[in-house]
Amino acid sequence: MTSDAEKANLLNSFFSSVNVTDNSVLPSFQPRVCEIEKLDNIHFLPDTLVKISKKKLKPKLTSGPDGYSPFFLKQIISAIAAPLCMVYQSFMSVGIIPLDWKSAIIVPIFKKGVSSHPSNYRPISLTSVFSKLRERCIVIDMLRYLLSQNLISKLQHGFLKRKSTTTNLLQSFNDWSVNIEGRTSQTIAYIDFPKAFDSVCHSKLLYKLSQYGIRGPLLNLIESFLSGRMHHTRISDELSDLAHITSGVVQGSCLGPSFSIGAVY
């Protein structure tokens, strides 16, 4: 019988094996904004941190590698918001995040199929809740900037406020109905990008973000967020050996979906 430790190491090895090796060839991607348009800094405000923690952080007791849960942070955020902003701002000024915030504990979620096959599990990363709160602030400003510069297609429905698979389906259904009534032929293609979150090349993503006008300390902070990451996989109370991440964005993070949008457009 396979022990929990063996299962954890088996899954962790599989989650690491899907990483891709960058060929160091940057895509042909022209700047999408003029030189003066840019987002190079994020200003962290105590009121914003309190608002995000109250509305966005679920009061869960599960904790990341640092041992602090979202429930704990929600209880103390009013008292620590101001000094926490100072900490976040100091990281922004140097464009570096702590090494401890780059560590994650992966909880494998079974999807479907044969339960004994590692490919039938989705890795969800438990990271520092303090890092997630900082990510939320960055996502708000990044999406505001990208939308204001028309850098995200109006046809994008995933990971955007007031949009979802439902709005996507409604819009598609309306277009199909118009074509059917007008006796116009139509072609529908469904595309699934396998391991989309895991196969994003960091250098290419950073290059595309720079062409969107995301530069300076913010781009350096994003590079620091992506590089040098590592993870364990946990089964019951057993942790696997440590593995390093060479590509992809963190599933379960707040910045991951925004980076995926940036990698596509």
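Student: What makes R144 exposed rather than partly exposed?
Tutor: In this predicted model, R144 has a relative accessible area of 52%. Exposed means over 50%, so R144 falls in that class.

Student: Why are D141 and R144 said to form a salt bridge?
Tutor: The nitrogen-to-oxygen distance between their side chains is 2.8 Å. A salt bridge requires a side-chain nitrogen of Lys or Arg within 4 Å of a carboxyl oxygen of Asp or Glu, so the pair qualifies. Both residues belong to helix α4 (residues 129-148), where they stand 3 residues apart, about one turn of the helix.

Student: How many salt bridges does this rule give?
Tutor: The count is 3. One of them joins K204 to D22, at 2.5 Å from N to O. K204 is part of helix α6 (residues 202-211) and D22 of the loop between α1 (4-17) and α2, so this bridge ties together parts that lie 182 residues apart in sequence.

Student: Is D22 to be called buried or partly exposed?
Tutor: Partly exposed, because its relative accessible area is 26%, and buried would require a value under 20%.

Student: What makes K38 and D40 a salt bridge?
Tutor: Their side chains meet at 3.6 Å, N to O, and the limit is 4 Å. K38 has a relative accessibility of 46% and is therefore partly exposed. D40 is also in the class partly exposed, with 26%.

Student: Which residues form the positive surface patch?
Tutor: The patch consists of K51, K55, K56, K161 and R162. Of these, K56 is located in the loop between α2 (46-55) and α3 (70-94).

Student: Why is that patch called positive?
Tutor: Its members are lysines and an arginine, and Lys and Arg count as positive, so the name follows.

Student: Let us turn to the aromatic rings. Why is the pair of Y88 and W101 called edge-to-face?
Tutor: Among the 8 aromatic pairs, Y88 and W101 have ring centres 6.2 Å apart and planes at 65 degrees.

Student: Why is α6 described as largely enclosed by the rest of the structure?
Tutor: Because 8 of the 10 residues of α6 are buried. They are H202, K204, L205, L206, K208, L209, S210 and Q211. After α6 comes G213, with a positive phi near 100 degrees.

Student: Which residues of helix α7 are buried?
Tutor: In α7 (residues 216-226), the buried residues are L218, L219, L221, I222, S224, F225 and L226. Just after this helix, G228 adopts a positive phi of about 65 degrees.

Student: What makes the phi of S24 worth noting?
Tutor: S24 has a positive phi of about 65 degrees although it is not a glycine. Most residues other than glycine have a negative phi. S24 is placed in the loop between α1 and α2, and its relative accessibility of 63% makes it exposed.

Student: Where is F159, and what is its phi?
Tutor: F159 is in the loop between α4 and α5 (165-181). Although not a glycine, F159 has a positive phi of about 65 degrees. Its relative accessible area is 47%, so it is partly exposed, since exposed would need over 50%.

Technical notes:
Residues numbered from 1 in each chain as written. Predicted model: local features only at pLDDT ≥ 70, side-chain atom pairs only at ≥ 80, totals over all residues. Heavy atoms only, no water. Patch = residues over 30% accessible without salt bridge, like charges linked within 9 Å, V, L, I, M, F, W, Y side chains within 5 Å. Areas by Shrake-Rupley, 256 points an atom, 1.4 Å probe, with all protein chains shown as cover. Charge placed at Lys NZ, Arg CZ, Asp CG, Glu CD. Helix = DSSP H or I, 4+ residues; strand = E, 2+ residues; numbered from the N terminus. Buried < 20%, exposed > 50% of the residue type's maximum accessible area, 1.4 Å probe, protein only. Phe/Tyr/Trp six-rings, centres within 6.5 Å; stacked < 30°, edge-to-face > 60°.
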